[in-house]
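The stops below are meant to be selected one after another.

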Amino acid sequence: MNKGTVSQILLITDGCSNQGEDPVSVSQQIAQEGITVNVIGVLEDDQTEDPTGLQEVNDIAEAGGGISRIVYADDLSETVQMVTKQAMNQTIQGYVNKELQQIFGKETDEASLPPETRGEVQEVMEELGETCDLKVLVLVDTSASMQNKMSSVKESLDDLILSLDARAGSHYFSIYQFPTRKKVVKELLDWTNDGNRLAKVFPKFAVGGITPTGAALKEAAKAFHVSMGDEVMRGAAYDVVDSSYRQSL
């Protein structure tokens, strides 16, 4: 059975110097298209926290139905893997809860099920987490303020691909940067599941300029064809939850 596709944008930024469209509003629009927006705010090791920038990181992720983390550059690699996995599981849980409401009623969620059925549903979600297809578009802020953090970004992308390869489900990833001299965003790597292609991306990173985060998110979202993947995931969630329910009767 096709386990469906989970689509994510992973924004890596330091939250500085935004201009143009409101990234929070854009993130909300993207979430309505079935794409989760996750945000990692990167601090330098000696940097004091900037409340304005950090709050925006959290607001963008919340509006996009995703997860946000604020980390120092040295901790970026582990955080990228964790956020990607947690956001995928959160998306799956949302789909499953909607299907539970279709089967049991509007007030039903996983926590309200009988213990035996709840255990079966949890197994379903774990299975979907390992077997569903995953599309991750990594959107990297390469503005001037990110200059000293790019080595950590490169290391984190290497480790992310290794973690994706370890899953049972198929995956595709794409790498975009913003800003660029001529465009809001630049595609550095189109959709692929070949981790060997990642090495060719790193020399293409060019750092400089301001941070038009809202416009960059909007352009990045165009890389997804979400309607089919979203419908498939919803259908798969319904099939497995309905099957679990019927077997428990």
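This is a predicted model: local features need pLDDT of at least 70, side-chain atom pairs count only at pLDDT 80 or more; totals for chains, interfaces and linings use all residues.

Select the strands to begin. There are 6 in an open sheet, ordered β3-β2-β1-β4-β5-β6, with mixed pairing. Now colour β3 (65-72) and β6 (186-192): these are the edge strands, and each has a single partner, so one side of each has no neighbour in the sheet. On average, neighbouring strands are turned by 15 degrees against each other, direction ignored.

**A strand pair.** Select residues 133-141 and 171-178, which are β4 and β5. The two strands run parallel and are joined by 8 bridges. Within this pair, V136 of the selection faces F173 in β5.

**Helix α1.** Next select residues 23-32, helix α1. The helix packs on the sheet and touches β1 (5-13), β2 (35-43) and β3. Its direction makes about 145 degrees with that of β2.

At its start, a side-chain oxygen of D22 comes to within 3.2 Å of the backbone nitrogen of V24. Just after α1, G34 has a positive phi of about 95 degrees.

**Helix α6.** Move to residues 213-221, helix α6. This helix lies across β1, β2, β4 and β5, and runs at about 155 degrees to β1.

**G66.** Return to strand β3 and pick G66. Is G66 buried or exposed? With a relative accessibility of 17%, G66 falls under the 20% limit and therefore counts as buried. Leaving out neighbours within four places in sequence, its contacts are T36, V37, N38, A61 and Q90. Draw a C-alpha to C-alpha distance from G66 to T36: the two are 5.4 Å apart in space and 30 residues apart in sequence.

**R167.** Finish in the loop between α5 (150-165) and β5, where R167 lies. R167 is buried, at a relative accessible area of 13%. Not counting residues up to four places away in sequence, R167 touches M88, L128, G129, E130, T131, C132 and L134.

Conventions: Residues are numbered from 1 along each chain as its sequence is written. Side-chain values use heavy atoms; hydrogens and water are left out. Two strands pair if DSSP finds at least two bridges between them. Helices (H or I, at least four residues) and strands (E, at least two) are DSSP runs, numbered from the N terminus. Axes are lines fitted to C-alpha atoms, for helices over the stretch in contact, and angles run from 0 to 180 degrees between N-to-C directions. Contact means heavy atoms within 4.5 Å. Buried means under 20% relative accessible area, exposed over 50%, partly exposed in between (1.4 Å probe, protein chains only). A polar contact is a pair of N or O atoms within 3.5 Å; within protein, one must be able to donate a hydrogen and the other to accept it, and residues adjacent in sequence count only if both atoms are side-chain atoms.
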